[in-house]
Amino acid sequence: MNAVKRQTNKQFVESFHLGNPFNLDNDKAYQLWREIKLENYPENVADLIVEINNPAVLTNTELNDIQARLLKTNMAVYAGNTGNNADKNIPVKLTEQFGLSELDANVGADDGITSLKVVSGRERGTYVHYTNNAIQWHTDGYYNALEQQISALFLHCVSPAADGGENALLDHEIAYIHLRDKNPGYIEALMAKDVMCIPANIEKKEEIRPARTGPVFSVMPDGNLHMRYVARTHGIEWKKDDVTQTAVKTLKTFLASDSPYIFRATLQSGQGLISNNVLHDRSGFEDAEDIKRLLYRLRYYQRLANT
Ligand SMILES: [Fe+2]
């Protein structure tokens with residue numbers, strides 16, 4: 001991965017001169033960024049995994065190995081040896097080493113950390129994250145206010161399910177490349193501020209969250225690309241024009257394909273995902289009497305430091 005890091009430094013230096021590659025008017029910057037991005041892009045989920053010893057204090061080598069993967073693919077999987085230790089400090093201490101501190105306090109996150117597990121009962125039963133059902137492709141926080149978008153997503157596995165619970169993962173910058181290469185007009189459509197609306201969340205006649213309208217792709221103030229997306233067909237309103245409809249269909253087809261850019265992993269005890277909120281889904285799963293899936297989810301408004 002050292003080669004990866006060198007390329008990314010080169011990318012930074014050159015694209016600094018050429019301007020932002022996500023600007024549709026700047027094809028030169030885009031083509032250079034694209035070429036460097038795709039060169040030596042990992043082909044196997046094993047390429048994303050970094051073994052770590054003490055998650056509270058990563059060694060320089062461990063930190064550099066994770067950082068190199070984040071720079072290339074916006075994600076890395078760490079494999080620690082904490083087993084099914086359910087201490088929430090394990091992921092918290094890890095996230096701190098990536099400069100993260102602004103946890104998103106979403107529904108169900110008692111202390112900013114969400115326990116993803118099967119919960120029976122009325123309160124959480126309506127949220128798919130607390131069931132064992134499959135979850136479609138999305139980025140986290142697509143229903144958040146535009147000024148509170150999720151830039152970094154951490155998952156830490158305490159215990160995998162007895163069966164299933166696999167995540168598919170796709171770097172959102174690869175999704176951008178796929179669409180822009182097919183038709184830059186798709187990107188233009190998906191960057192429109194009114195392209196995707198998530199209607200208000202209303203329970204028992206009470207509005208829990210207002211409707212959220214915003215773009216799929218946006219360029220953050222630091223110049224990085226952000227993606228806001230969910231593949232579901234109900235509870236979402238897309239702009240009705242032809243180019244938007246075709247762009248959404250093209251993205252959906254890509255996500256359902258067997259593209260080598262889509263990685264699949266079932267996190268095991270002590271393993272976790274560090275990411276700049278990449279696209280992901282989750283397959284359905286089954287718990288057993290003595291094996292119950294438990295993952296901690298931490299979401300941040302900040303991007304991972306130095307990526
Ligand atoms: Fe998610």
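1. D140 and R299 are both buried. In this predicted model, their side chains form a salt bridge, with N and O 2.7 Å apart. The partners come from distant parts of the chain, 159 residues apart. D140 sits in the loop between β4 (135–138) and β5 (152–159). R299 belongs to strand β19 (residues 294–300).

2. The D140–R299 pair is part of a network. Salt bridges with shared partners join D104, D140, R297 and R299.

3. The iron ion is coordinated by D140 (OD), H138 (NE2) and H280 (NE2), at 2.1 to 2.2 Å. The donor residues follow the spacing H-x1-D-x139-H in sequence. H138 counts as buried because its relative accessibility is 6%, under the 20% cut-off. D140 is buried too, at 3%.

4. Next, helix α2. D27 and R180 meet in a salt bridge at 4.0 Å, N to O. D27 lies in helix α2 (residues 27–38) and R180 in helix α6 (residues 172–182), 153 residues apart.

5. Helix α2 holds another partner, K37. K37 forms a salt bridge with D171, the closest N and O atoms being 2.6 Å apart. D171 lies in the loop between β7 (167–170) and α6, so this pair ties together parts that are 134 residues apart in sequence. Both D171 and K37 are buried.

6. For the overall tally, a search of the whole structure finds 8 salt bridges. Among them are D27–R180, D171–K37 and D140–R299.

Key
Residues numbered from 1 in each chain as written. Predicted model: local features only at pLDDT ≥ 70, side-chain atom pairs only at ≥ 80, totals over all residues. Heavy atoms only, no water. Donors = N, O, S within 2.8 Å, 3.2 Å for Na, K, Ca; no water. Buried < 20%, exposed > 50% of the residue type's maximum accessible area, 1.4 Å probe, protein only. Helix = DSSP H or I, 4+ residues; strand = E, 2+ residues; numbered from the N terminus.
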